[in-house]
Amino acid sequence: MPPREQLGGLLKVLAAKSVNILLAAPTGRAAKRMTETTGLEARTIHRLLEVDPANGGFKRDADRPLDCDLLVIDETSTADVQMMNALVKVLPRGSALLFVGDVDQLPSVGAGQVLADMIESGAVPVVRLTEVFRRAARSPIITNAHRINSGEMPELAPDPTSDFHFIQADEAEEVIGKLVDVVARRLPRRYGVDPIRDIQVLRPLNRGGLGARTLNIELQTALNPPVAEKIERFGWSYSVGDKVRQIVNDYEKEVYNGDIGTVTALDAEDRMLTIEYDGRAVAYDFGKLDSVVLAYATTIHKAQGSEYPIVVLVLTTKHYAMLERRPIYTGITRGKRLVLIIGQKKALWIAVKGKTAGRRWSKLREWLAGEMKGTLPRLEASTHLLDR
């Protein structure tokens, strides 16, 4: 079974034993996916901790802890030190904390590498899922992700039945032309998908001739060309139907960095733009649209904690600095139904075989291991819940 199905089975057993369980994830998309796969309600960590927009921080703290026997956090690799600090403080005494995540993915955008430090410390029980189960073993997405993670090149032989494909393109114009063709025409026609809702284009970096900004403009022109009723703000043009992403946490609107939505209304008279996030409409004043960007294409970092039916990864040597194994592994594992790489085999080879990102120094590993003064209490709680 895949990890989340295993988690769902475990939680059903615990729920049957009347264990009070809370589920949370760093992003709205990850929380929604957690709900779908476990059958239990999951919230974003921000909502779990009850963000306090007026005063900053969270309403939940050590004096007002959560009411649960078990707190489960998914996509833990994307949670930074500050977020994890707030979580630990609201955990009731005697309860358990279960982290689920992939330590081989990119670390959090914020400070630290909490999941990696916890595992390396040896201070908490760790279970690694290393076996590729029978159903997953038939998926080239899964097998190629494992190959990349092990420093091996993925299998790129053409196979029309595969869920993993590679299209060679060298020059920027060729890359953009093939990208627009597969996203706007070939993939929707073959797989019956919505090119805006179901396909996500990923790129290692945001800037440059093949950066996320350039690709967004090209894809917007092909998929949702601006009409007469549009708004231009902060270098972007928006109209109804555009795919957009929030880039900062907005606690008043309850919209957070990384949330993806669709523009559903534009009122020029009232100077308001409405964006729908997972069925919830959020209004933006025209003058405050600097917190939103187009999201037809985004960086791999911004895709952490999310999954998409189809991922198209643009990969060339133009952004040599980000050609590392972790970003490519993270990007590929965002795709559920199909992964398509457009670019140069040389760039893929450099990423798989080349340098790896340097370690982040947070001292959390040493503190957890007791190598420095002040070890963290109650770590033993996570080992006892299943004995109930």
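1. The buried residues of H11 are Ala347, Leu348, Ile350, Ala351 and Val352. Buried here means under 20% relative accessible area, with a 1.4 Å probe and protein chains only. Helices (H or I, at least four residues) and strands (E, at least two) are DSSP runs, numbered from the N terminus.

2. A word on the source: this is a predicted model, where local features need pLDDT of at least 70 and side-chain atom pairs count only at pLDDT 80 or more, while totals for chains, interfaces and linings use all residues. Residues are numbered from 1 along each chain as its sequence is written, and side-chain values use heavy atoms, leaving out hydrogens and water.

3. Do have a look at H7 and H10. They pack at an angle of about 170°, with axes 9 Å apart; axes are lines fitted to C-alpha atoms over the stretch in contact, and angles run from 0 to 180 degrees between N-to-C directions. The two helices are therefore roughly antiparallel (over 145 degrees).

4. In this contact (heavy atoms within 4.5 Å), Ile141, Ala145, Ile148 and Asn149 of H7 meet Arg325, Ile328, Tyr329 and Ile332 of H10.

5. Elsewhere, an open sheet of 5 antiparallel-paired strands runs in the order S12-S11-S10-S9-S13; pairing requires at least two DSSP bridges. Strand S12 (280-285) and strand S13 (292-294) are the edges, each pairing on one side only. Strand S9 (residues 243-246) is joined to S13 by 3 bridges, and Val244 has Leu294 as its bridge partner in S13.

Conventions. Buried means under 20% relative accessible area, exposed over 50%, partly exposed in between (1.4 Å probe, protein chains only). Angles under 35 degrees count as roughly parallel, over 145 as roughly antiparallel, 65 to 115 as roughly perpendicular and the rest as oblique.
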